Amino acid sequence: MTESKKISRRALLKAATVAGIGGMTLGLSKVGEAASPKEKTPAQTKSKKKILGVDVIKVGGQGVISGAHADYGWQIQAGAILAIDEINAKGGILGSKLELKFMDEELKPAVAVKNARYLATEWGAHLLFGVDSSGSAMAIGPILPELDRICVFDHASTHRLTEELVYGKGIKQIFRIAAPVYQESNMAALIFKDFPNIKRWAGIHCDYEYGYSVWALFKDTLKKYRPDVEFVSIAWAPFWTMDFSSHISAVMAAKPDAIIATPWAGEGVMLLRQALMLGVFDKIQAWFQCMGGSVDILEGISREVAAGKFKDKLWATARYIHNYPDAPENNKFVASFRKRWNRFPNYSAESAYSTIYVFKAALEKSRSLKTSDLIKAMEGLKLMTPAGERFFRPEDHQAIYNVPGGRVVIDPNYPIPILGDLKVFPAQAYYRNPPFEALKMDK
Amino acid sequence: METLVFQGLVGLSVSMYLWLLAAGLTIVFGVLGVLNFAHGSLFMLGAYFTFTYYGLWGVNFWLAIALSLLSVAVVGYFMERFFLRHIYHLDHAYQLLLTFGFILIFDDAVKMIWGGVAKIPPMPSFFEGTVSVVGRPFPFYNLFIIGTGLAVAIVVWLLFEKTWWGKMVRASASDREMASAIGVNIPTLFTGVFVFGAMLAALGGALGTPVRVVAPGIGAAMIIQAFIITVIGGLGNLKGAFVGAIIVGTLSAYGILLFPVFELFLIFLIMAVVLMVKPQGLFGG
């Protein structure tokens, strides 16, 4: 709790300072007001001059900021703060400045729900975004109508969020800006259908929603293209697995040709290191680390990649990778992010950054903070973002854009490994489409 | 058959971290009568101190472990001398409240000092490489962990069975007042036992540093398994902690191999069966 308070306080002070400076340099009015948003209650911030009716648009975010997965929450905050500072420096959205409060969801659905309630009702957030855990996302989704807020999910990736809650149950307040599990399951299947020698697949997966859906979709799609493929073993690892040796040795006992693995962030790094210790890369032809294209994993294994220990057998994707696409929007984003934070952005940073710009585009379209108006403005919205053009599909509120997969390689132009040998597929080729067929999951 | 041998050996190496953690927990309970919820936090601190000395300051790996044990010993000394000592005469519920409070304090302190993001220091190069076991590569480091765990078991056994200090500890564990009457300085002895238990936990954390995640919360995640182990083996029983750790570590490894769908549930099932058949634990009594 102290961490979330400390960070949000810092972010808030920073946002307030920048808002003040921006106001002064651009010659906008009410510098004093913008510089001290904290002392005002939402009722007092109302002003007739503003189109949206408020001086400050409050944005409440969540992510995991402690534990083995904490780098994701850090990246979400870093991306969101960068976008908010850029927008505030140019005068805000329709004259209203943005203010951020960020809380730790701790990967616990109950905590995420408590945070969402606090942000919306007590703190007075107009807009919600965030969450890393699929379980947390599935818990927040159903309370959004009651809170009367939209929430843009910038990481949690279970297909059920958009397929079941939006398309199935009609909870229109849910939007997802990041690519869902179709990315690492269906797209991985498209890559590996073209490896005729890989016939025996094993999985090491997260023992929760996320791992179940990736494994089910991957098997389903690969089997369609390659009836000859077998799925020979599976090991499930819950949150807080510190030692994956038992999981690795269990799946290796079935002598697989390749392994697909979902553990992410710090756990993903330890899994890969422990796999190296167990000599796995001498025995298999390929290892697909689903979110291995994320910056924290690339940083964590850079020494081993440079030493050639993975023998060019390590493959990965992400929901955005900093070296794709080579377009002005992306290059500008990566440069500003590196300048501000002295690191590369991972996909949760990009999706949080783009979330803030989606809010901007939607508010400029709706010119209203009313949830129903915002939903109308966001359905079918098209926006250029660092990851490419995103389109919010009206049926399930899922943003459509494509991200390639590739081999983890060293590139002299980058201080950390990148994805090379990129395999690019159009999003339509691997996103599931409505009406969605129910998916049978193993667990 | 080879598969089972290999998986058992992997499970045995996992057991050793659990043993080092459960050993201190059960010693402190057996002698002081305190169920230390924050024992896992001492494991976590052992990992963080080692990370700092070895990963950040570049101190030699062995020296880093030794320094980390001493650092945790100091923390343990303060915990016992200034907090736990005052509540020995109170009900167990007060001990749980106090030590649970310590978990929160240590977790937040770690976040303030080292940050919330997981730390992943490099592997010492002399530990790289594998040994062939039943034709499959087995990490040298895991072999080293198994060796260390067994060595600690022997040393702890000798300490309690063969030394004067061990006899005093056992005497005061069975009858505090009588031991005190024949001249054993109970408060000092208790501080020593608590510090010893803390150092065992720290050793477990320290040894995991190069291969496992160092993050706030690992202590709380580990302590549940340590409790299951002491319940299976018998609370306060050292032999029970050793056997319990091996049961939990190897059976989870076999569970992952043979019953991947309900592997997590397996450990709780064993605990439930032990509680039904022998409520005081396998070696309790």
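The side chains of A:Glu184 and A:Arg319 meet in a polar contact of 2.6 Å, where a polar contact is a pair of N or O atoms within 3.5 Å, within protein one able to donate a hydrogen and the other to accept it, with residues adjacent in sequence counted only if both atoms are side-chain atoms. A second polar contact, of 2.7 Å, links the side chain of A:Glu184 to that of A:Tyr210.

A word on the model: it is predicted, local features need pLDDT of at least 70, side-chain atom pairs count only at pLDDT 80 or more, and totals for chains, interfaces and linings use all residues. Side-chain values use heavy atoms, leaving out hydrogens and water, residues are numbered from 1 along each chain as its sequence is written, and chains are lettered from A and ligands numbered from 1 in the order in which they are written.

Back to A:Glu184, which sits in helix 8 of chain A, residues 182-192; helices (H or I, at least four residues) and strands (E, at least two) are DSSP runs numbered from the N terminus. With 0% relative accessibility, A:Glu184 counts as buried, meaning under 20% relative accessible area with a 1.4 Å probe, protein chains only. Leaving aside residues up to four places away in sequence, A:Glu184 touches residues including A:Ser157, A:Val214, A:Ile260 and A:Phe288, a contact being heavy atoms within 4.5 Å.

Now turn to chain B, with its 11 helices and 2 strands. Along chain B, the order from the N terminus is α-α-α-α-β-β-α-α-α-α-α-α-α. Of the 285 residues of chain B, 55% are buried. The C-alpha atoms of chain B fill a box of roughly 60 × 50 × 35 Å along the principal axes.

Terms used. Buried means under 20% relative accessible area, exposed over 50%, partly exposed in between (1.4 Å probe, protein chains only).
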